[in-house]
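Please look at the chain shown below before reading the report.

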Amino acid sequence: MKTHNFGDSQSTISPLHDPLASPTPDAKQEVRNTTCYMCACRCGIRVHLRDGEVRYIDGNPDHPLNGGVICAKGSSGIMKQYSPARLTKPLRRKPESERGSGEFEEISWEETFSILAERLGKIRATDPKKFALFTGRDQMQALTGLFARQFGTPNYAAHGGFCSVNMAAGMIYTIGGSFWEFGGPDLERSKLFIMIGTAEDHHSNPLKVALSKFKREGGRFISINPVRTGYSAIADEWVPIRPGTDGALMLALIHEIIALGLYDREFLVRYTNSGQLINLDAEHDEFGMFVRTEVPEEEGCYDPQNKLWWDRNTDKAVITHSEGADPYLLGDFKLPDGTPVKPAFQLLQDRVKDYTPEWAEQITGISADTIKRLAHEMGITARDQQIELPIAWTDSWGKEHDSVVGNPVSFHAMRGLAAHSNGFQTIRALSILMTLLGTIDRPGGFRHKTPFPRPIPPCARTPNTPLAVRPNTPLDGMPLGWPSDPDDLFVNPDGSPVRIDKAFSWEYPLSVHGLMHNVITNAWRGDPYKIDTLLLFMANMGWNSTMNTSEVRKMLTDKEENGEYKIPFIVVCDAFHSETTAFADLILPDTTYLERHDVMSMLDRPISEFDGPVDAVRIPVMPPTGECKPFQEVLIELGTRLKLPVFVTKEGKRKYRDYPDFIVNWETEPGSGIGFLSGWRGKGGEKTMRGEPNPNQWEMYAKNNCVHHLKLPRSYQFMRNWNKGYLEWSQRNRITRYAEPILIHLYSEVLQKFRLAAQGKSISRQPPAHLAKRIETFFDPLPFYYEPLETQASDKHKYPLSAVTQRPMAMYHSWDSQNAWLRQIHAHNYLYVNSRTAMEAGIGDGEWIWVESQWGKVRCMARFSESVEPGTVWTWNAIGKAAGAWNLSPDANESQQGFLLNHVISEELPPMPDGKRYSNSDPITGQAAWYDVRVRIYKAGADEPEQTSPQFELLQRYPGMKKPPSWLAYFGGKKKGGRK
Amino acid sequence: MTQLALVIDLNVCVGCHACVTSCKEWNTSGSAGPLYDENPYGADPTGTFFNRVQTFEVGQFPHTETVHFPKSCLHCEDPPCVPVCPTGASYKRKQDGIVLVDYDKCIGCKYCTWACPYGAREIDEKQQVMKKCTLCVDRIYDMSLPENDRKPSCVKACPTSARLFGDIHDSESEVSLAIREEGGYALMPEWGTHPANHYLPRRKTKLKIHEDELERADNPLKVDGKLPKPGKGEPSMEDVSAW
């Protein structure tokens, strides 16, 4: 108990409480390094333990990613570690209980594994595709993907399809790399930075660090976003834009930059396909394709340099990059055989002719003058503030360069552009804008991170036939890949999808990260087929990670006429109680990040820097809580029991003791020297990137801040698409198969191949008749603008507003509502409405309102804002929770005032005239179109409860979970005198 | 005489709350801890935080500024919280100017809360004592930590390094330099409290484009605009023109 001393009230000289004295002088102190996992950023952290408890977690100053800083989430790891929402025991739904009722019983891991091995063994022996494995932001897709492939199921994907796959696909199919893990803005040398539609956590600490330095060094920062929060708050200029119209803005900027000659001609000529000639004979099978010479073509996934330029000097067609040649970028020509051709750049100019700033003003809400000024700022900064670094390098054609040149204009964009059904083409347009400015992999512009750049598209392919799915056999190909033409699609002979999510089918051909958001609906409907077991890892598919949440929840419990569940068996692995675990038949309790081994692998999404490859590990700093088991260990054990080839010896015996053993010893092929970790390979740890397994590899990572950073020579750090030295290094180290130059696809022949197939012109596979028009429309080899599909299908008079979400910097997905400190920052969310819009609707600040789309409605509270454009309403995503979920009390703000916008967003578009329903997604990539929804808002009735709607049945606490305390006074370690 | 203080750069603060929770995690297990949280998993959770970020909007759409404003004890040079304290618990350290609460003397009467014009004090509802930012006094002198770590937790955490820490009485210090050269200001100077903490204002970078800069002599359109010449043998009017 606290004792008060009243006797010495005048003394200010000698305080009784010595503020400098340690409260725990005798405590055992330890510091352990590992990698954070409070979000996907993956900073290096130091965990300070006192008497075995977490005293504090701070950033590791010697880590290349964060250099010692840490964010709000990372600093709150303690509250995740000791959260009462943690699952601690394997649980089975009580046999007599209904799924979703939350009635579970404890079982042992042995029983858990035998249930899984028996069920999955039967599926594998009969029809492996009836097992579907879908994961959230798991950071271990190389392992989960390997497991799925070994199992033999095509039905695997991670969360990318409902996250930002358009950003990855749009950029990778254009420049051979993309933002975040694979590349980003070089703010160290940039002068002008434009951020478009970026959520507050993509990319987290490194972006904050860089942005601050950039601003302090006098860089100019422009934010284009319907909302001004977070990063946008410190922008020198905020340009509000209507959601889903970014493509129109990009095209108008391109229009202006070409019209004024503000493009980097030399860059376009040498490093892009701008000058290459395209066959424009409409009768020809090769219409819209580049004209090729007879140069023999080696099989491979790269661009052979066998295209043509029209040479300005000799006035005839020559092979691209011919010595002394200078191609026309504009003009139309006839080949000697009479074939009409134009350079790609001419087609781009033709394309943007009508995309004037005045045209874009009507669509985006940004004045034509502002659009022109933005184009001028970009073009003039790129041209007049050019950087030249004295770095000699050799290009792919053998030409020596004395220096590396950079045009210091950089961009960053994320889900704001991606999560629209027109996102792929918008991002193609952004990539082309960046290209016109000559900013790709150059100082001050966009820079790649290893393992990118890769060929366009990268070489990995899915199988292209259902024959690849066979009982007791690994899948013959990758579950996720990069189609380069219609023959790469993973479809049945009749053109129907092989995968449950219809990825890589004619409906969403370039769905390179699958369509996780349609898995439950498709499986429930049995379209394209029924499955047996759905294993979800770390994805809240019963709540914020799904669209149409209320209906999807019903699908999870819906039954056939015979009383069987339509999705017969659902397994959920997670560290926390959630809305989704409630629908599980089997729950596997995962560990936290402080209790596990993990790798941020070069085979997945490593944490590379601009200057070279970086991978990292997690090493447990404390033992697992309860019976928690890392999902990695679950997969290794299950793979071994199922005798999946990589996990067992020829005799069918266990090959790997555990996950750490697997990481050290597994190689992509025996003797390949390529494994999950690139550092300290070779028997004694003397090799990098490739080498024999090193039994002490974990220890070497542990000694080196849990990170391996290979700094490349300066001459390999720029121009990597065409840098002979870098590409050969990359090839030698088997990061890429080819060392051919990666020309930027201003014009996308890949898209044209699909269009030709849809037009019945090519010899490749052709789409089913009902999809031909869709393919022909959207697979345009040049970017174009179309209104988002859902918007097209909405009554815009009735639903005049766009509704979007973003995530706050202090929360990651739905994870942090169970975090006692972070939920004090965001305990519930409001719908932010422009004050004028709200007042016109008769809504007062803080009042209860309905937000309604054509799909449903949600009751929530309105908050006036001047930081949102008048046609948009927005909220923080995933703050709203179902009552009782995450072990919060039934009256917690998250479930009473907090709300989930997902209820008004559909996972499917309205039915087509033929009754078919397509995913509410980009028709090219299958990216979930979260931000296309149109809504209206109106005041809630005076008689209605002041509580969010819809509400759901109160979720129960499971066995092994603690009752949450009514107060908390966390103190890590034992306080002096035993007081805690 | 030394006066330690924070200088907070609003020009780069993105409102991420790193300072808020890194402060909480250090101090809850430090000499000021534990820091109490009430209803941590229930309705209206609330707890003791020494440092909070307020976000507000200035101006009307579209001329809106969104300001993230981190706020903690300003360690006033003339702190009104000290003389009002009936027990002498509230005091200002002579050696470094840090304003502290002696928890063993505090009776939780809240006079200091009323006296503080900045709302920087936080009552610990469990211990019924007043708590507040200590500038991590139990950290910055801890010789067992590497020198680089002897900084307030918030300063070390801040990803945008928006928080500078040092002696504002040392005219050569980083913080004095920032105040002098970046327009550093104190909050509500009219109260005469002479806050030691200062804030740096937003600064805008603009680009002025003169119209004659738009086109340069080497405009690529001069090359690309030159279309190919027609072939010599192609028909022309000259072939048929009558004199």
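This is a predicted model: local features need pLDDT of at least 70, side-chain atom pairs count only at pLDDT 80 or more; totals for chains, interfaces and linings use all residues.

## Domains

The domain assignment divides chain A into domain 1 (29-70), domain 2 (108-165 + 460-538 + 590-602 + 614-709), domain 3 (176-455 + 742-747) and domain 4 (794-939). Between domain 2 of chain A and domain 4 of chain A, the C-alpha centres are 33 Å apart.

These two domains also touch, with 15 residues of domain 2 of chain A in contact with 12 residues of domain 4 of chain A. On the domain 2 side, the touching residues comprise eight nonpolar, five polar and two charged ones.

## A pair of helices

Two packed helices are described by the angle between their axes and the distance between the axes. In chain A, helix α20 (residues 749-758) and helix α21 (residues 769-778) have axes that come within 8 Å and cross at roughly 145°, and the crossing is left-handed.

From α20(A), the contact involves Phe754(A), Arg755(A) and Ala758(A), while α21(A) contributes Ala772(A), Ile775(A) and Glu776(A). Sorted by class, these residues are four nonpolar, no polar and two charged.

## A buried strand and its partners

In strand β29 (residues 801-806) of chain A, six of the six residues are buried. In a regular strand the side chains alternate between the two faces of the sheet. Here Leu801(A), Ala803(A) and Thr805(A) point one way, whereas Ser802(A), Val804(A) and Gln806(A) point the other way.

β29(A) runs antiparallel to strand β34 (residues 934-939) of chain A, joined by two bridges, and Leu801(A) stands opposite Val935(A) of β34(A).

Definitions and conventions
Residues are numbered from 1 along each chain as its sequence is written. Chains are lettered from A and ligands numbered from 1 in the order in which they are written. Domain bounds come from an automatic or database domain assignment. Two residues are in contact if their C-beta atoms, placed from the backbone, lie within 7 Å. Ala, Val, Leu, Ile, Met, Phe, Trp, Tyr, Cys and Pro count as nonpolar, Asp, Glu, Lys and Arg as charged, and the others, Gly among them, as polar. Axes are lines fitted to C-alpha atoms, for helices over the stretch in contact, and angles run from 0 to 180 degrees between N-to-C directions. Helices (H or I, at least four residues) and strands (E, at least two) are DSSP runs, numbered from the N terminus. A crossing is left-handed if the near helix is turned anticlockwise from the far one by less than a right angle, and right-handed if clockwise. A residue is buried if 20 or more other C-beta atoms lie within 10 Å of its own, exposed if 12 or fewer, and partly exposed in between; C-beta atoms are placed from the backbone. Two strands pair if DSSP finds at least two bridges between them.
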